[in-house]
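Dear colleague,

Please find the structure below, handed over for your records. My notes on it follow directly after.

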Amino acid sequence: MKEIFLYLAPSAALALVIRVLAGAHPFFFLFTVAGTICHELAHFVAGLLTGARPASFTVIPRRVGRHWELGSVTLTRVRWYNAAPAALAPLVIVLLPLCVAWWRTRQPWQFDMRDLFVALALAPQFLSFWPSMVDWRIAVRSWPYLFIIVGAAWLAFHFRPHLFQFVNP
């Protein structure tokens, strides 16, 4: 596991550099395009799978007030049961760098030139996996899930001795 995080360190550092540079000048948004595409595709696919009906998809940056919107997906049927899965779908993106790092480090390894290109490709994923504030506001519409989660946790805790009684000889 230590090797995976060591492998991802250059990508994470590069992500911070890209973040700073993109904040300084819009030209550096070019380095965030791969992450923006993944972020918006995550919303789009989750919207399709959960019935939130995606209606539009864009990854063309546009100025919104004092900030830049790098992309967006419009969902036309957001309900309590699909709001959180569709809005928080980009969290799954963090698995991409982890899987690539696992693949590269599962055998003895050392950095070579292709790892520099991999670091450049993975850096935008670190910038894009966290949902935006708008995404979090949409996810709050799924508050009924809290009752389901708390109820399931209470049942598991309350009936735990009975559920695992067959395991003990």
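Gly51 counts as partly exposed because its relative accessibility is 31% (buried is under 20% relative accessible area, exposed over 50%, partly exposed in between, with a 1.4 Å probe and protein chains only). This is a predicted model, in which local features need pLDDT of at least 70 and side-chain atom pairs count only at pLDDT 80 or more, while totals for chains, interfaces and linings use all residues. Residues are numbered from 1 along each chain as its sequence is written, and side-chain values use heavy atoms, with hydrogens and water left out.

Gly51 sits in the loop between α2 (33–50) and β1 (54–58); helices (H or I, at least four residues) and strands (E, at least two) are DSSP runs, numbered from the N terminus. Apart from neighbours within four places in sequence, Gly51 is in contact (heavy atoms within 4.5 Å) with Arg77 and Asn82. Its C-alpha atom is separated by 15 Å from that of Arg141, 90 residues apart along the chain.

With kind regards
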